[in-house]
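Dear colleague,

I am passing on a structure for you to look at. My notes on what was found follow below it.

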Amino acid sequence: MQQLSDDSGVRTDRFAGKDVLFLMAAEAEYGPHLRSRILPLQTGIGPVEAAVATTRALSLLAAQGRLPQLVVSLGSSGSRELQQAHVYQVASISYRDMDASALGFPKGVTPLLDLPARIELPLHIPGIAAASLATGASIVSGSGYDAVDAQMVDMETFATLRACQMFDVPLIGLRGISDGVAELSQLQDWTQYLHIVDERLAEALDLLEAALVSGGIQLPVRQG
């Protein structure tokens with residue numbers, strides 16, 4: 001698969017005939033199956049790092065007149081209700097850290113920003129189960145899920161979405177469930193299923209590629 005890069009090191013993949021920017025948070029999630037298919041930008045962990053890295057990448061690409069046609073955010077996620085080690089596409093995203101309810105705003109709504117607490121993603125890959133996702137800057141474990149109004153949690157996708165919205169680039173999110181059923185107590189509790197998640201994320205990318213080639217997913221036409 002062809003990678004296109006500039007002197008800044010920002011790369012897009014030529015994927016199913018489209019220019020696609022793939023984003024992942026951490027090296028640990030990038031296993032051999034994904035390595036055989038894509039060369040993602042690694043943003044770092046958490047919403048701040050994801051926002052900074054994604055905005056920087058899209059800014060540099062926009063300045064060169066080569067914004068990607070699609071951004072794909074992929075990696076691991078936690079869930080206590082979804083099947084462990086399985087991959088889900090993101091149906092909707094919320095920002096679980098945002099709470100301005102003391103000022104009269106609904107929890108999850110950013111004050112003075114015309115966005116709902118939960119944002120639906122319009123693009124869907126046929127053949128992959130969909131689930132709601134809540135992004136925040138904390139690891140969720142055990143009873144922490146009681147306060148989460150979503151089926152799975154991560155630390156990057158909402159931030160990535162906001163950067164994509166600023167540049168009018170569509171986003172698809174893919175998350176493999178790495179943990180959530182048991183209480184987390186050590187790093188291995190997160191990493192133990194990542195090799196399976198890697199394989200299944202790669203399979204999900206094959207379905208995405210097929211959908212783009214067949215027209216099952218239609219990307220919006222950029223104006224100008």
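T135 is found in strand β8, which covers residues 130-135; strands are DSSP runs of E with at least two residues, helices are runs of H or I with at least four, and both are numbered from the N terminus. This is a predicted model, where local features need pLDDT of at least 70, side-chain atom pairs count only at pLDDT 80 or more, and totals for chains, interfaces and linings use all residues. Residues are numbered from 1 along each chain as its sequence is written, and side-chain values use heavy atoms, leaving out hydrogens and water.

T135 has a relative accessible area of 0%, so it is buried (under 20%; exposed is over 50%, partly exposed in between, with a 1.4 Å probe and protein chains only). Leaving aside residues up to four places away in sequence, T135 touches I93, S94, Y95, R96, D97, D154, M155, E156, T157 and F158, contact being heavy atoms within 4.5 Å. A polar atom of the T135 side chain lies 3.5 Å from the backbone nitrogen of T157.

As for the whole protein, its secondary structure comes to 5 helices and 10 strands. Its radius of gyration is 17 Å, close to the 17 Å of the globule rule for 224 residues, so the protein is as compact as a globular protein of that length (taken over C-alpha atoms; the rule is 2.2 Å times the number of residues to the power 0.38). The C-alpha trace spans about 45 × 40 × 35 Å along its principal axes. Of the 224 residues, 49% are buried.

Regards

Conventions
A polar contact is a pair of N or O atoms within 3.5 Å; within protein, one must be able to donate a hydrogen and the other to accept it, and residues adjacent in sequence count only if both atoms are side-chain atoms.
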